[in-house]
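Me: I want to learn to read strand pairing and core packing from a model. Can we go through one together?

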Amino acid sequence: MAIKMRKAGIVTSVLTSVLMLLAVACGASSTTPTVTPPAAAPTQTTLPPQTTPTQPAQATATAMPTAAPTTVPEAAPATAESTEAATTPTQTAETIAPQDTAAPAPTEQQTVEQTVSQTVTLLKVVDGLEPLTYLTHAGDGTGRLYLVGKQGHVLVLEGGAVRSQPFLDITDRVGSSASEQGLLSIAFSPQYASDNTFFVDYTDKKGDTVISRFTAARDTAIADPNSESIILTIDQPYPNHNGGQLQFGPDGMLYIGTGDGGSGGDPQNNGQNVNSLLGKILRIDVSQAGQPYTVPASNPPLNNSNLREIWAYGLRNPWRFSFDRATGDLYIADVGQNKYEEIDFQPAGSTGGENYGWNLREGFEPYGGNAADESGLTAPIYQYGRDAGCSVTGGYVYRGKALPSLDGVYLYSDYCSGHIWSLQRATDGQWQNALLLDSGLNVSSFGEDEAGEIYVIDLGGAVYQLAAE
Ligand SMILES: [Ca+2]
Ligand SMILES: [Ca+2]
């Protein structure tokens with residue numbers, strides 16, 4: 001009943017978002033909308049026109065102290081992906097597709113599913129907001145939650161209500177016209193209590209990726225939009241696949257997810273190109289004042305690439321990734337092309353350099369006529385097909401207190417199907433996947449509060465908390 005009520009409450013916002021989205025992280029393709037956009041969503045309107053890219057800008061990266069974003073040719077050709085369709089959320093039951101031999105099909109998932117599904121529900125925290133892409137906390141003991149709005153606001157959720165004054169408003173520089181563009185995530189410095197610093201990842205008015213440092217007044221939770229110091233820009237050849245996740249690792253380094261730049265099939269081969277920052281997880285040190293960032297000497301050398309920021313590669317659009325706060329393990333949810341959504345894994349203690357396969361492989365399968373050779377590639381720990389969704393939304397390993405049965409379980413969802421799943425490694429080392437619940441939402445992201453409780457973000461502008469039933 002609770003879920004039914006929630007669905008009714010978000011109909012309008014879902015309709016609004018369905019038009020522009022296709023899946024925030026997806027890669028999902030341009031399909032003619034089947035519903036009419038409410039007039040009140042002027043900035044979230046059109047899907048990219050289906051034109052064929054002509055001269056995509058070369059993806060390059062520049063480290064800049066304080067300057068304005070680099071300029072690129074007015075471009076951003078539209079996406080050209082073909083077979084992914086924008087669909088309204090479906091409620092199809094999960095069927096676990098057989099995995100390849102690298103990850104044998106779980107054998108006890110039914111048991112896990114029953115145990116978990118009886119204990120978990122979603123409680124609505126707030127709705128009716130602008131399109132949301134992320135939620136996080138500042139680690140400062142205040143209990144405040146920060147809601148990231150696609151158009152360039154960061155809102156403060158305090159005492160169960162959203163404050164009228166935003167934490168940050170950078171709508172003047174965020175470009176969010178395409179479904180995967182906008183303010184995509186923020187991350188507070190691990191030393192926020194002393195350095196008042198946080199970082200943002202957005203696409204600018206030209207569609208290029210900008211990663212910036214800002215400062216805030218911590219007591220009032222108000223950030224100065226003029227405090228922006230751009231630390232990294234990445235030219236984007238296409239509007240989609242912009243990555244967008246920032247996370248500080250347990251090592252204090254800032255990890256950045258970048259998409260392959262976009263279009264479909266990675267036409268520039270950025271994922272496998274260690275001389276491009278696209279299609280990667282980057283790892284940089286932003287702890288030193290007075291310079292944009294430094295590259296940790298411990299980053300892996302990759303074929304003598306000069307781009308030492310690269311930590312891992314072969315990714316398509318790692319829209320969301322996170323670290324297990326207890327173990328330091330890294331979970332990367334990489335949005336698939338036409339067939340498979342996948343969860344990638346990097347154990348704590350990794351020295352980096354993993355090649356997650358794109359665009360040689362999609363999930364466990366060869367892609368684009370490539371040979372089946374898996375040598376040197378890191379396979380996913382799990383994949384699912386179009387019967388279960390169309391755009392994976394990575395979450396977190398649960399380490400809160402409210403749901404002890406989920407301790408150590410990785411939670412994730414799919415933007416299109418709204419299913420929320422659990423994934424955990426059994427004592428025999430095999431990964432077990434189970435359907436936790438059907439949210440009925442367009443899950444754009446998960447978020448954690450300081451205590452490790454988990455929130456589910458609907459792109460339509462609502463936040464739910466995962467709770468015991
Ligand atoms: Ca792009
Ligand atoms: Ca892969």
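Me: How many bridges join strand S15 to S16, and do they run parallel or antiparallel?

Reply: Start with the general idea. Strands of a sheet pair through backbone hydrogen bonds, in a parallel or an antiparallel way. Now the case here, in a predicted model. Strand S15 (residues 280-284) is joined to S16 by 3 bridges, and the two run antiparallel. Leu282 stands opposite Ile310 in S16.

Me: In what order do the strands of this open sheet come?

Reply: The order is S13-S14-S15-S16, 4 strands with antiparallel pairing. Strand S13 (246-248) and strand S16 (310-313) are the edges, each pairing on one side only. On average, neighbouring strands are turned by 20° against each other, direction ignored.

Me: Which strands pair with S29?

Reply: Take S2 and S28. Strand S2 (residues 120-126) pairs with strand S29 (residues 462-468) over 6 bridges, in the antiparallel sense. Val120 has Ala468 as its bridge partner there. Strand S28 (residues 454-458) is joined to S29 by 4 bridges, also antiparallel. Val456 stands opposite Tyr464.

Me: Which residue takes a positive phi in the hairpin of S28 and S29?

Reply: Gly461, with phi near 110°. The hairpin has 3 residues between its strands.

Me: Which residues have the most contacts inside the largest nonpolar core?

Reply: Tyr146, Leu147, Ile186, Leu254, Leu411 and Val456, in a core of 101 residues. Strand S8 (residues 183-188) gives the most to this core, with 5 residues.

Me: What is Leu254 in contact with, leaving aside neighbours within four places in sequence?

Reply: Ala187, Phe199, Leu246, Phe248, Ile284 and Val286.

Key: Residues are numbered from 1 along each chain as its sequence is written. Chains are lettered from A and ligands numbered from 1 in the order in which they are written. This is a predicted model: local features need pLDDT of at least 70, side-chain atom pairs count only at pLDDT 80 or more; totals for chains, interfaces and linings use all residues. Two strands pair if DSSP finds at least two bridges between them. Axes are lines fitted to C-alpha atoms, for helices over the stretch in contact, and angles run from 0 to 180 degrees between N-to-C directions. A nonpolar core is a set of buried Ala, Val, Leu, Ile, Met, Phe, Trp, Tyr and Cys residues joined through C-beta atoms within 7 Å. A residue is buried if 20 or more other C-beta atoms lie within 10 Å of its own, exposed if 12 or fewer, and partly exposed in between; C-beta atoms are placed from the backbone. Two residues are in contact if their C-beta atoms, placed from the backbone, lie within 7 Å.
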